[in-house]
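Me: I'm new to reading protein models and I'd like a close look at one part of this one. Could you pick out the helices and walk me through how they sit against each other?

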Amino acid sequence: MSSGSSSRSTSPGSNSEWSKKENKMFEEALAYYGEGAPNLWEKVASAMGGTKSAEEVRRHFQILVDDVNSIEYGRIPFPKYKTQGFWT
């Protein structure tokens, strides 16, 4: 994900923008319910206040999983994040 204020889904045909607030709500709801919860995507979408559909939530999760897998398998380089502090 970028460090900007929003992220755009990279799946074909998707123009869904995700704000920082939506990403945070998504992460918190996913952590609360857990990946194995029944009707997970509906629950996460509802917890986000209906700003995204269950299908948009499911696609967003799959894109994140694909990104992590690509990094872990060396298909794309590990992102270089801007950090602050003595270690930079």
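Reply: Let's start with a word you'll need: a helix here is a DSSP run of H or I with at least four residues, and helices are numbered from the N terminus. Tyr33, for example, is found in helix α1. Keep in mind that this is a predicted model.

First, the overall layout. The protein chain has 3 helices and 2 strands, and from the N terminus on they come in the order β-β-α-α-α. Of the 88 residues in the protein chain, 25% are buried.

Now zoom in on α2, which covers residues 40-47. Leu40, Val44 and Ala45 are its buried residues to look for. They span an arc of only 130 degrees around the axis, and that's why they end up on the same side of α2. So what covers them? The cover includes α1 (20-33) and α3 (54-72). Just past the end of α2 you'll find Gly49, which takes a positive phi of about 80 degrees.

Let's take the α3 neighbour next. The axes of α2 and α3 come within 8 Å and cross at roughly 105 degrees. Angles of 65 to 115 degrees count as roughly perpendicular, so that is how α2 lies relative to α3. On the α2 side, the contact is made by Trp41, Glu42, Val44 and Ala45. On the α3 side, the partners are Ala54, Val57, Arg58 and Phe61. Sort the residues of this contact by class and you get 6 nonpolar, no polar and 2 charged. Notice that Val44 and Ala45 turn up again here: they are buried, and they belong to the contact with α3.

What about α1? Leaving out residues up to four places away in sequence, Tyr33 touches Leu40, Lys43, Val44 and Ala47. Two of those names, Leu40 and Val44, are among the buried residues of α2. Tyr33 and Lys43 are 10 residues apart along the chain, yet their C-alpha atoms are separated by 7.8 Å. Tyr33 itself has 32% relative accessibility, so it counts as partly exposed.

The helices α1 and α3 also pack against each other, at an angle of about 85 degrees and with their axes 12 Å apart. That angle makes α1 roughly perpendicular to α3. In this contact, Asn23, Phe26 and Leu30 in α1 meet Val57, His60, Phe61 and Leu64 in α3. By class, the contact has 5 nonpolar, 2 polar and no charged residues.

The structure holds 3 aromatic pairs. One of them is Trp18 with Phe26, an edge-to-face pair with 5.7 Å centre to centre and 80 degrees between the planes. Trp18 and Phe26 are both buried. Another pair is Tyr32 with Tyr33: the ring centres are 4.9 Å apart and the planes sit at 85 degrees, so this pair is edge-to-face too. Tyr32 has a relative accessible area of 67%, so it is exposed.

Notes. Residues numbered from 1 in each chain as written. Predicted model: local features only at pLDDT ≥ 70, side-chain atom pairs only at ≥ 80, totals over all residues. Heavy atoms only, no water. Buried < 20%, exposed > 50% of the residue type's maximum accessible area, 1.4 Å probe, protein only. Arc of directions from axis to C-beta. Contact = heavy atoms within 4.5 Å. Axes fitted to C-alpha atoms, helices over the stretch in contact; angles between N-to-C directions. Parallel < 35°, antiparallel > 145°, perpendicular 65-115°, else oblique. Nonpolar A, V, L, I, M, F, W, Y, C, P; charged D, E, K, R; others polar. Phe/Tyr/Trp six-rings, centres within 6.5 Å; stacked < 30°, edge-to-face > 60°.
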